[in-house]
Amino acid sequence: MIERTERLLNLVIALRETRRPLAAEEIRTRVAGYAHDDLLAFRRMFERDKSDLRRLGVPIETLPLSRWDETPGYRIDPARYDLPAIELEPDELTGLALAAQAAGLADEVRGALRKLEIDTGVAVDAHDAHDLGPQPVGLDLQAPHRAELMEAQLTLTTVVFRYAPADGSAARRRVDPHGLVHRGGRWYLVGHDHDRDATRVFRLDRITGPVRAASEPGGFAPPVKEVRASSVVPAPEEEPVVATVTVVEELAWLVARRARGGGTPGEDGWIRYELAPADPEELLGWLCAHGDQVRLLSPAPLRARLVARLRAVVAMTVA
Amino acid sequence: MSVASPLERLERVLAMVPWLLEHPATPLDELAQRFETTREQIAADLDILGYCGLPGYGGGDLVEVVIFGDLVTVRMADFFARPLRLSVREAVTLLLAARALSAVGEVPGALHRAIERLEELLQAEPEVAGEMRVALDVRPEDDELLARLRVAVRARRVVRVRYRSASREQTRERAVEPWAVVTAGGAWYLQGWCRSAAGRRDFRLDRIADAELTDEVLPRPPEAPRPVAYEPREGDLEVVLDVDDVAWWRFEPLVLDAVEERSGHRRVTLRTPAPLWLARAVLRAGPAVRVVTPKSLRLRVHELASAALGHYEPTTDGPDEP
């Protein structure tokens, strides 16, 4: 039994070196490792090899055997297989290696950097931070399914996956990926959900099982709307307000960072600021949490809600 | 023998052959180091390669692999003279890394030129039909603070930070040997050695009131970054909460020992080294979160809420504007 790696190598060589497309039958009989009497078993084997190789980036084309024969044939165009001369300078390659390391993506691009090194002539080890100097910044961008979904977005390929939202209603979803968002430490997919016929947001860490292509590349029209980081957050349900607060001196810097005006000390030593929160509900929560150190002066309706909420908590927590 | 997957081995061989064609008589050890595996694995890969070639698989068709002593030479493999092009996933991942670092103002080396080249490369792919649409929200609230801390890390300078601790709610000045600034769970942290606490600590950037570089250079090299995570310690308070579905997203990221699904809410168990901080987190969610145990935490929430209410009740003297 020939090892699978050997069969795959032989397949790549055969498809790359042929001048005309090879039919599946030719591959079965001529390429080492496929000689299989069971045609169905061969088919399964070949389909799996083809899709795995394509996923690695091996450009296997499917085209008719000839002008007179519609039977599908396969070949690899050497010009598309070969890495083009990208001619990165050593410092550019080092920059990429550092970026990948700082973004938490070093594992995913190690193979790519190795390919790029050949032309640049330097070896870059994205893992060895000591050779490259200290890394001042670390982002945590690594996530399962991210790469597949980014590829699907770029190539306009519809995907299917199983999705298990927090409410427990797991289901298979068919989605045209419009864009990805990284926010609050999480990755989200924004796309057109076929079953609901509407734009939906999916958390990548709630995708269970593999993401599979459900169309050829170019399977849907490019979306018109830009995908923004704010697309994944439900829009605030209320009108924006301007709130006036006073805060103990000790916490003033924290409020000052978000304030759009103020900073004037009052008679009691508390400092007054104007805030324009993107989401008043969010501000309400914060005012509730720090109520002993921050006072809300206006607007009156928000103040009434804050008081009602505090009363409810006081009543609930009585021993 | 390690269990390398066939695809992993294939990728390694496809990357190794171009290198070997350009560098005849490469020592096995060098290959093992370069391709991050064992000598034995490299030897096994080369063994397979020697059986590969053009259909026919006769004398002149096979790849020639010669291992002389410890030196490896490969010939008759012109079809693998070039590395395999970057896959869309590889190119897009490199591009993402480069863009993310640019977004936070960190531009190592010649990143901008590299970004342009990668974009050209991607657009040349026949299957690529659009722009990369990725929105990254990775910048901290205070860009300027991040920039200053980055300078400190790079210059290996001790920093003096005014930090408000979540557990004690005091803003104190601490001397920190900075190692890195990292994100975790959507928040930024300064990692380093805290001289005041004599231990490695993570400081959340949104609790740093101010940071100042000193002239003192770090007395020892920075340690490698590690994930920011809460590690339960002895003496931490164990807490049981009922969390309504609407407030669940706030508590989900906290370390949970147990989650019990009930109708409309979840009963969760978690531990915290900072009861005051947790009391405020409970208050923030309002009536959507109830403290089941311990009583001490419930009373703390009660006290904080009563103190807050004191600012608004008509009996108090606080400023009362219409």
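Which residue in strand 3 of chain B is the bridge partner of B:T26? I looked this up and found B:V72.

I note that the model is predicted, with local features needing pLDDT of at least 70 and side-chain atom pairs counting only at pLDDT 80 or more, while totals for chains, interfaces and linings use all residues. Residues are numbered from 1 along each chain as its sequence is written, chains are lettered from A and ligands numbered from 1 in the order in which they are written.

**Strand 3 of chain B.** I took helices (H or I, at least four residues) and strands (E, at least two) as DSSP runs, numbered from the N terminus. Two strands pair if DSSP finds at least two bridges between them. Strand 3 (residues 71-75) pairs in the antiparallel sense with strand 1 (residues 26-27) over two bridges, and with strand 2 (residues 64-68) over five bridges. I found B:I67 opposite B:V72. In the hairpin of strands 2 and 3, which has two residues between the strands, B:G69 takes a positive phi near 65°.

I then checked burial (buried: 20 or more other C-beta atoms within 10 Å of a residue's own; exposed: 12 or fewer; partly exposed in between; C-beta atoms placed from the backbone).

**Between the chains.** I found strand 4 (residues 137-138) of chain A paired in the parallel sense with strand 6 (residues 171-184) of chain B over two bridges. There, A:V137 stands opposite B:V181.
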